[in-house]
Amino acid sequence: MAESEGGDEDPPSPPPPRAENCRNGAAFWLLGLCNNAPYVVMLSAAHDILRPNQLPPAPHNTSGHDCGPISTGAVLLADILPSLLIKMAAPFGAHLVPYSVRVVAVAIAAWGGCSVVAMGAGVGVSLGGVALLSASSGLGEVTFLTLCSAYPSVGLSPEEKRAVLKLELLYFPTSALTHSEQYRWYQLAYQSSVFASRSSLRCCRFRHIWGLALLQGLTAGTLLWAVASDWLPSFGPALALVLLEGTVGGGAYANAFCNVNEEAPPPARSAAVSVSALSDSVGIAAAAAAAVGAHRALCHVT
């Protein structure tokens, strides 16, 4: 009785049953998958969104690369900048909006963006649809990641966002695949490997992720070297490098967020996850901006 009057804290609540853990894990997995799918589709279709018949003639280039007039980095910029702006504002006011309202807004924006891109009314209109999808994805990512922090037993859902270095210029004319088909296969390989590595978080856990970041940088540098010097012999080895890049990048992303979720104190966990998501988008936006400039440099556009 004396201990009770002394103000001892209540004992911690028991962990949720296994069935509830599985249900929550499956729900967040589906939320992450649905939120990320439009973003992945837009990146995979970037070469088709920038259709040559809707663009001015390509500037003269002396590089030997099959270059279009606009870099696919423009699609990546449209696919990340609105998301970045939302993530910058989210820590200051997102908590004032109920989760249910945010989820409805995510769904409406995703539907609207897909509809605009499907209309195919021109490159500018299509990029506007991509931007609307980006806003949906950014709000969804912040919403679902912060909501996930309230469920300690749930692993982070798979949600990819990572830039691939100049895959539009990694083209092998001797392959039976066209340039656009090769680009789609690169994107499929990259996004599939990202999805697999993030979904295997419970099986493969890394506390110290600096090694993954170093390996990812080396792989990206190798791909850039391949674009600049044409030393890769064929499409197959290039596809293998893209698979490695996606696997390492997805693993680094998932383990980084899991570390934040586990190590941040509970009162600050939601804000810490939001800031981490913001830093991820800043990196992607910087890569997209660099890709636009690198396109002109690598293509020797004159």
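**Reading the predicted model**

A: Ala240 has its place in helix 9 (residues 235-263); helices are DSSP runs of H or I with at least four residues and strands are runs of E with at least two, numbered from the N terminus. This is a predicted model, in which local features need pLDDT of at least 70 and side-chain atom pairs count only at pLDDT 80 or more, while totals for chains, interfaces and linings use all residues. Residues are numbered from 1 along each chain as its sequence is written, and side-chain values use heavy atoms, with hydrogens and water left out.

Q: How does Ala240 count in terms of relative accessibility?

A: Buried means under 20% relative accessible area, exposed over 50%, and partly exposed in between (1.4 Å probe, protein chains only). Ala240 counts as partly exposed because its relative accessibility is 44%. The C-alpha atom of Ala240 is 9.5 Å from that of Tyr190, a residue 50 positions away along the chain.

Q: How many helices and strands does the protein chain have?

A: The protein chain has ten helices and zero strands. Of its 302 residues, 43% are buried. Contact means heavy atoms within 4.5 Å; among contacts between residues at least 6 apart in sequence, 81% join residues at least 24 apart.

Q: At what angle do helix 2 and helix 6 pack?

A: Axes are lines fitted to C-alpha atoms, for helices over the stretch in contact, and angles run from 0 to 180 degrees between N-to-C directions. Helix 2 (residues 18-44) and helix 6 (residues 123-148) pack at about 160°, with axes 9 Å apart. The two helices are therefore roughly antiparallel, a term for angles over 145 degrees. Among the residues making this contact are Phe28 and Leu31 of helix 2, and Val130 and Leu133 of helix 6. By class, the contact has ten nonpolar, four polar and one charged residues; Ala, Val, Leu, Ile, Met, Phe, Trp, Tyr, Cys and Pro count as nonpolar, Asp, Glu, Lys and Arg as charged, and the others, Gly among them, as polar.

Q: Is the crossing of helix 4 and helix 6 left-handed or right-handed?

A: A crossing is left-handed if the near helix is turned anticlockwise from the far one by less than a right angle, and right-handed if clockwise. Helix 4 and helix 6 make a right-handed crossing, whereas helix 2 passes helix 6 in a left-handed one. The axes of helix 4 (residues 73-93) and helix 6 come within 7 Å and cross at roughly 35°.

Methods: Parallel < 35°, antiparallel > 145°, perpendicular 65-115°, else oblique.
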